[in-house]
Amino acid sequence: MNDYFDMVHYSHCNVFRKSVPLVTSFNVGVFSEKSSMLESELHDLSDDADYAASQQQGSASVMLRSDSTKQSSPRDGAEVVFTKDNVTIHPTQFASERISGRLKLIKQSSSLFMTWIPYKGHSSEARLSDNDRNLYTIRAVPFTEIRSIRRHTPALGWQYIIVVLSSGLAYPPLYFYSGGVKEFLATIKQNVLLVRSEEDANVFLVNDFQNTLQRTLSSLELPRAVPLACGPSNMSVDESILNENQERADNDVNNVSQFLGRPRHKVDPARDLSIQVLEKFSLVTRFARETTSQLFRENQSNGFTERRTHVQTNLDHPRKSSHVEEKTSDESGLALDSKEFDNLSLVWGKPRQPPLGSEEWIIFLDSEGRVTDSEALRKRVFYGGLDHELRNEVWGLLLGYYPYESTYAEREFLKSVKKSEYENIKNQWQSISSAQAKRFTKFRERKGLIEKDVVRTDRSLAFYEGDDNPNVNILRDILLTYSFYNFDLGYCQGMSDLLSPILFVMDDESEAFWCFVALMERLGPNFNRDQNGMHSQLFALSKLVELLDSPLHNYFKQRDCLNYFFCFRWVLIQFKREFEYEKTMRLWEVLWTRYPSEHLHLYVCVAILKRYRGKIMGEEMDFDTLLKFINELSGHIDLDATLRDAEALCICAGENGAARIPPGTPPSLPVDDGSFYAQQDEIL
């Protein structure tokens with residue numbers, strides 16, 4: 001893919017449907033949008049089911065709001081210029097868990113802020129407590145930190161908006177039960193520069209000055225790395241604004257005053273570009289940290305029964321900091337001192353073996369080609385991986401495309417049937433005429449995004465390098481066909497990264513497509529619009545670190561790093577950017593064995609964090625430093641040692657670890673009811 005991942009706010013960071021919400025003040029959609037919103041590829045990366053409105057709507061749809069809604073405030077000249085009640089967030093599919101609140105726009109001097117405060121629960125039958133509701137509170141967000149607002153108008157149901165920050169992070173959809181979207185946008189337009197996107201009439205760009213420096217950064221495929229001309233503050237919101245306790249709505253203006261009262265740092269555009277990039281990236285990640293730091297409070301209800309058994313472990317011995325508290329749980333459970341766990345991987349993490357070769361592979365098959373012992377095969381692949389020449393034959397079995405009990409003949413027959421089916425699906429988009437495409441906005445957007453992504457995917461690999469490479473065209477065709485096969489999910493950035501090794505191994509368009517389909521049955525929730533698949537995985541990761549390394553967990557807690565955004569890229573594209581191509585394929589086939597756990601990738605995350613625990617804590621890394629450090633680990637992680645550690649951690653955690661992972665957390669195979677891929681708007 002592109003270098004956008006390499007700044008780790010593929011948000012969603014350097015580069016997340018229905019499950020436990022991960023983010024505190026917002027469900028970080030981790031709607032990953034690149035820097036210039038005027039490019040068609042950037043408007044619908046979450047690929048929701050709404051079609052873009054006609055370009056001919058113009059700006060007439062934005063109606064001016066009556067000044068009668070203004071409310072003067074005596075506090076420091078701040079003024080509430082817009083208020084709307086019954087604006088609601090839908091954390092899950094359950095109506096009883098919807099959270100309604102009051103949306104406000106507050107102006108002070110020349111700055112505009114947005115707040116959303118949930119109401120206190122009115123029903124004794126409500127499934128969410130007031131503390132849970134407060135996790136979604138949006139407090140004093142300056143419009144200098146907002147990139148765009150996307151308006152959705154479903155045929156049935158309520159209008160809603162999605163607010164996307166400059167980092168690519170996005171708040172959860174805000175549903176306007178009592179109307180008011182037009183007035184909301186009109187008020188914003190009166191106070192800041194708000195322009196309609198040339199590519200999508202429902203996307204409104206905030207402060208889109210498109211200066212020369214910004215366009216240069218856009219061409220580098222980085223997030224918005226330099227502050228816009230309006231001079232956004234790179235100071236964080238005052239801690240009182242982000243206080244865990246619910247504040248009264250009439251304190252909103254005071255929160256804004258506190259925000260504006262902090263000094264602003266002016267950025268000289270003539271300064272070195274890389275310094276500006278790092279400064280802006282620091283701002284983005286700090287904002288994400290602050291607005292999500294409340295999520296993992298001790299009293300949070302996570303929606304499933306959890307056994308509070310702590311396993312005290314160490315893979316290294318960090319230098320203790322006076323600022324870091326290393327508390328050991330007093331609760332019952334397996335207790336291991338640090339010296340004991342130093343050798344844990346040697347005891348429980350078995351040595352890696354050579355890859356499974358052709359001669360040994362035959363032993364697992366009967367005379368007709370059936371796998372006689374699938375568990376033994378998966379275990380063998382887990383410990384050694386596969387010779388490359390075998391991957392073409394075995395990956396289809398590991399992914400579930402071919403049944404283990406199928407014969408040679410049955411697999412050949414299935415291949416023939418599936419090839420015909422693939423061609424039929426592919427013909428659906430190939431037969432679209434140019435005249436029809438002009439009236440098919442969703443198709444044009446997806447096609448444009450795919451075409452721009454595939455030419456940036458693994459082009460250093462001989463298989464994809466060079467101009468007019470037919471394999472790049474096949475990559476494009478498969479992704480376009482998948483967007484029609486699974487139209488609800490469509491295409492999102494990151495999918496080309498997952499498909500690339502599969503096409504490289506299978507070297508057949510139809511076979512690669514169906515293996516990709518099988519993989520997306522597991523990882524598809526990673527790309528859902530609300531990103532709850534990613535949320536649940538990062539939530540589970542936090543719980544596993546708490547179980548397996550409480551000092552590191554406490555350190556992250558003190559440093560407001562419990563959102564685990566720094567692991568986002570690892571989970572989203574399965575460590576694709578962390579290892580060399582061959583090692584990535586080795587890791588993937590190990591993960592696909594689902595041995596000893598279908599969530600082994602989370603234990604791999606824990607293993608890496610523990611491996612570098614001494615450096616993280618010893619150097620007292622804050623969120624920004626940690627994020628940069630994690631990105632720089634790419635290409636420097638020992639895969640075999642990490643897999644041994646991950647196996648040891650998984651065995652050590654046992655049932656306690658499994659209990660901390662919410663049911664349905666990817667890559668669990670989805671229930672066959674389409675629930676994981678339903679992207680359409682809610683209809684009552």
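**Figure 1. Asp 85 and Arg 102 form a salt bridge, with 2.7 Å between the closest N and O atoms.** The structure shown here and in the following views is a predicted model. The pair links distant parts of the chain, since Asp 85 belongs to strand 2 (residues 79–89) and Arg 102 to strand 3 (residues 99–108), 17 residues apart. Asp 85 is partly exposed, its relative accessible area being 31%. Arg 102 is likewise partly exposed, with a value of 28%. A search of the whole structure finds 29 salt bridges. Side chains of opposite charge can pair when their charged atoms come close.

Figure 2. An α-helix has 3.6 residues a turn, so residues three or four places apart point the same way. Glu 451 has a relative accessible area of 30% and is partly exposed. Lys 447, at 27%, also counts as partly exposed.

**Figure 3. A salt bridge connects the side chains of Arg 660 and Glu 546.** The N to O distance is 3.7 Å. This pair links distant parts of the chain: Arg 660 lies in the segment after helix 24 (639–659), Glu 546 in helix 17 (residues 532–548), and 114 residues separate them. Arg 660 counts as buried because its relative accessibility of 0% is under 20%. Glu 546 is buried as well, at 9% relative accessibility.

**Figure 4. Helix 17 and helix 24 pack at an angle of about 110°.** Their axes are 11 Å apart. An angle of about 110° falls in the range of 65 to 115 degrees, so helix 17 is roughly perpendicular to helix 24. Helix 17 contributes Leu 544, Leu 547 and Leu 548 to the contact, while helix 24 supplies Leu 649, Cys 652, Ala 653, Asn 656 and Gly 657. By residue class, this contact comprises six nonpolar residues, two polar and no charged.

**Figure 5. Helix 10 (residues 388–398) has buried residues that pack against several other helices.** The buried residues are Leu 390, Arg 391, Val 394, Trp 395, Gly 396, Leu 397 and Leu 398. Their packing partners are helix 8 (358–363), helix 9 (374–384), helix 11 (408–430), helix 15 (495–506), helix 16 (509–523) and helix 20 (581–592). Arg 391 also takes part in a network of salt bridges with Glu 582, Arg 586 and Glu 589. Just after helix 10, Gly 400 adopts a positive phi of about 90°.

**Figure 6. The largest nonpolar core contains 119 residues.** Met 495, Phe 556, Tyr 564, Phe 566 and Leu 609 touch the most other members of this core. Helix 16 provides the largest share, 10 residues. Leaving aside residues up to four places away in sequence, Leu 609 touches Val 545, Leu 552, Phe 556, Tyr 564, Phe 566, Cys 567, Trp 570, Ile 616 and Ile 630. A second, separate core of 32 residues includes Leu 112, Met 114, Phe 143 and Phe 204. In soluble globular proteins, nonpolar side chains tend to be buried together.

How values were computed:
Residues numbered from 1 in each chain as written. Predicted model: local features only at pLDDT ≥ 70, side-chain atom pairs only at ≥ 80, totals over all residues. Heavy atoms only, no water. Salt bridge = Lys/Arg side-chain N within 4 Å of Asp/Glu carboxyl O. Helix = DSSP H or I, 4+ residues; strand = E, 2+ residues; numbered from the N terminus. Buried < 20%, exposed > 50% of the residue type's maximum accessible area, 1.4 Å probe, protein only. Contact = heavy atoms within 4.5 Å. Core = buried A, V, L, I, M, F, W, Y, C linked by side-chain atoms within 4.5 Å. Axes fitted to C-alpha atoms, helices over the stretch in contact; angles between N-to-C directions. Parallel < 35°, antiparallel > 145°, perpendicular 65-115°, else oblique. Nonpolar A, V, L, I, M, F, W, Y, C, P; charged D, E, K, R; others polar.
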